[in-house]
Amino acid sequence: MALNQAPPTLHRFQEQETPARLFRLRCRQWAAQPALRPKRRGLWESVTWAEYYAHARAIGMQLDSSGLQRGAVVCVLAENRPEWLYVDMAAQCMGFAGNGIYPTSSADQVLHILQDSGAQAVFVQDQEQLEKVLAVRGRCPALRVIVVMERDGLRGFSDPQVSFFDDFLREGIRLGARDGSVFEAAIDRGRAEDLAFLVYTSGTTGAPKGAMILNRNVMFQLTQVKEYLDAGPGDKSLSFLPLCHIAERMASVFNPLAVGLVVHFPENPGTVLNDLREVAPQVLFAPPRFWEKMVSQIDLFMRDAIPLARWAYGTARGSAAAMVDARLQRQAPAAQAWATQWLRRAALRNVKVFLGLQNVRCALTGAAPVPADLIRWFLACGIELREAYGMTETSGFCAATPRGGIRLGWAGVKAPGTEIRLGADGEILIRGPNVFAGYWNLPRQTAETLDADGWLHTGDCGELDESGYLSIRDRIKDILITSGGKNITPSHIESLLKFSPYITDAVVIGDGRHYLTCLVMLDHEHVARHAQERQIPYTDYRSLARAPQIAALIRAEIERINPQLARVEQIKDFRIIDTLLTAEDEELTPTMKLKRKVIARKYALLIDDMYGGARQAPAPA
């Protein structure tokens with residue numbers, strides 16, 4: 001089958017029963033076509049589907065020869081790269097359970113996942129990740145295989161439990177050449193109800209839990225791909241979000257099996273935006289913060305542009321904004337002069353090329369509240385940035401905005417074949433083939449999340465309208481109740497604050513208080529540029545955050561946003577966090593979500609200072 005032919009029907013997907021069998025089918029159909037493209041030393045390399053399969057078979061055969069049995073857990077501790085996928089697909093083909101560990105994890109976090117999962121094998125990227133595993137392996141009795149992908153810094157290193165990826169692969173290739181029937185038989189033994197892989201939650205409310213995703217969950221999601229992906233064989237995608245997260249796992253490992261995407265891997269996390277320009281993908285999924293970063297790029301670029309370019313961009317944006325407003329209100333746009341139309345198309349085409357979005361047909365966002373102005377900005381550029389809603393426990397998306405169906409503040413409609421309803425306190429409940437099998441070795445937590453009737457209790461509160469559109473309001477546990485008894489959903493307020501080019505993140509405070517305040521994290525690049533342009537002296541991030549002029553800048557941003565909010569939702573005071581937080585800090589999860597409880601505890605004095613230096617009495621129950 002040539003790559004430009006249509007993929008099999010959904011019924012054909014279901015006939016395969018497991019992702020492993022569909023993977024084998026695809027690698028045979030598209031054997032000579034590119035499947036993966038990593039960038040190494042500035043050059044894009046290609047891996048064909050046949051090579052992809054050969055590498056997965058070699059890894060699987062060698063794991064089998066190491067004594068692993070069906071059901072064994074195999075972990076990967078690495079950045080996004082083809083080797084991640086080789087190991088993950090090898091595990092699924094052999095009947096093992098793949099599992100990702102965030103590369104930003106500390107040694108203690110690695111220990112928790114290795115112990116909790118009972119992992120028998122772990123593949124690590126480099127010396128840094130190897131040292132984490134070696135520091136804890138004495139407390140991981142099930143661990144028998146450690147494989148390192150990169151040799152840098154490990155010349156002369158020797159350990160009987162540790163091998164290098166190239167050697168491990170070479171031995172597996174030798175085994176496969178001698179008798180590959182072991183691998184084929186393992187694929188044939190797979191069943192729909194078997195565990196495909198684990199995904200550990202990011203741990204915003206405690207220790208990460210291992211969500212069990214079954215083969216049938218994955219196969220159902222593959223039947224839904226065409227519902228939200230406008231993509232076909234040979235189209236390009238970029239894999240840069242953590243593969244440990246369910247969204248990227250589905251996007252980079254499984255969606256290509258459905259539609260034939262060619263997955264590109266940036267050289268490193270710092271080159272993503274440049275690599276995006278080179279790849280110019282047809283499909284791009286990213287959280288709102290990434291899309292906001294692209295808007296910020298244009299803002300920074302236009303600051304240095306010549307006056308004529310700034311005028312052209314401003315005029316084009318104004319013209320496009322009027323058309324977007326008419327579109328969102330389902331009205332016919334007002335007629336525009338030919339010159340205005342030409343200017344709009346030329347200027348905004350250049351914006352898309354600058355960002356690497358000129359070929360995008362499917363732009364998706366989710367995993368966090370999406371500011372309405374962000375959707376408007378991309379619509380003005382001719383890009384339909386569609387919102388989707390899902391979670392680890394739904395094996396990825398469970399609702400998505402249909403093509404041409406954007407409604408600001410709404411996350412789309414449910415996947416066909418599933419059910420969504422609202423329970424107590426407006427909690428979103430989901431039932432269907434996309435719902436996971438429960439948490440690994442945690443029956444009590446599973447029973448709290450999955451009820452006897454099969455409904456998944458998401459912990460999110462939302463709204464359903466008469467046409468089936470779903471709106472996500474907030475996490476129920478995050479809703480604030482002021483001392484006056486008003487219920488506040490902080491995520492909406494925070495999303496407005498984060499759309500400011502000067503604010504990376506914000507946490508709204510106000511539970512049991514008389515009014516709302518917030519803690520702010522600065523966008524270092526934008527704020528530093530602002531300081532340089534106005535000759536505000538600073539030496540590092542901390543001194544920048546403490547400069548009175550920067551406090552005035554953030555105050556102006558908050559005052560600009562407050563009129564968009566109800567009076568009870570308006571921010572009365574704020575403080576800037578003077579530490580540049582990263583995923584290694586306890587305040588953030590590996591997916592860069594703020595841990596509210598940690599923030600409230602760590603910055604308690606700063607918070608109290610916004611309320612006159614004393615804690616107020618909590619709101620009555």
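This is a predicted model: local features need pLDDT of at least 70, side-chain atom pairs count only at pLDDT 80 or more; totals for chains, interfaces and linings use all residues.
Student: How many salt bridges does the count come to?
Tutor: Side chains of opposite charge can pair when their charged atoms come close. The rule asks for a Lys or Arg side-chain nitrogen within 4 Å of an Asp or Glu carboxyl oxygen. By this rule the count is 41.

Student: Which residue forms a salt bridge with Asp-167?
Tutor: Asp-167 lies in helix H7, residues 165–178. Its partner sits in the loop between strand E7 (145–148) and strand E8 (162–164), 16 residues apart from it. The closest N and O atoms are 2.8 Å apart, and the partner is Arg-151.

Student: Is Arg-151 buried, partly exposed or exposed?
Tutor: Buried means under 20% relative accessible area, and exposed means over 50%. Arg-151 has 37%. Arg-151 therefore falls in between and counts as partly exposed.

Student: How many residues apart in sequence are Arg-513 and Asp-608?
Tutor: Their side chains meet in a salt bridge, 3.1 Å from N to O. Arg-513 lies in the loop between strand E24 (503–509) and strand E25 (516–522), and Asp-608 lies in helix H22 (604–609), so the pair ties together parts whose separation in sequence is 95 residues.

Student: Which helix gives the most residues to the lining of the second largest pocket?
Tutor: This pocket holds about 230 Å³ of space. Helix H12 (288–303), helix H13 (307–328) and helix H14 (338–355) each supply at least two lining residues. The top contributor, with 7 residues, is H14.

Student: How many charged residues are in the lining of the second largest pocket?
Tutor: The lining has 14 residues, and those nearest the centre are Met-302, Tyr-313, Ala-347, Asn-350 and Val-351. By class, 13 lining residues are nonpolar and 1 is polar. The number of charged ones is none.

Note on methods: Residues are numbered from 1 along each chain as its sequence is written. Side-chain values use heavy atoms; hydrogens and water are left out. Helices (H or I, at least four residues) and strands (E, at least two) are DSSP runs, numbered from the N terminus. Buried means under 20% relative accessible area, exposed over 50%, partly exposed in between (1.4 Å probe, protein chains only). On a 1 Å grid over the protein atoms alone, a cavity is a set of points where a 1.4 Å probe fits but cannot get out, and a pocket is an open set with protein on both sides within 12 Å along at least five of seven lines; lining residues have an atom within 4 Å of a point. Grid points are joined across faces, edges and corners, and a volume is the space filled by probe spheres set on the points. Ala, Val, Leu, Ile, Met, Phe, Trp, Tyr, Cys and Pro count as nonpolar, Asp, Glu, Lys and Arg as charged, and the others, Gly among them, as polar.
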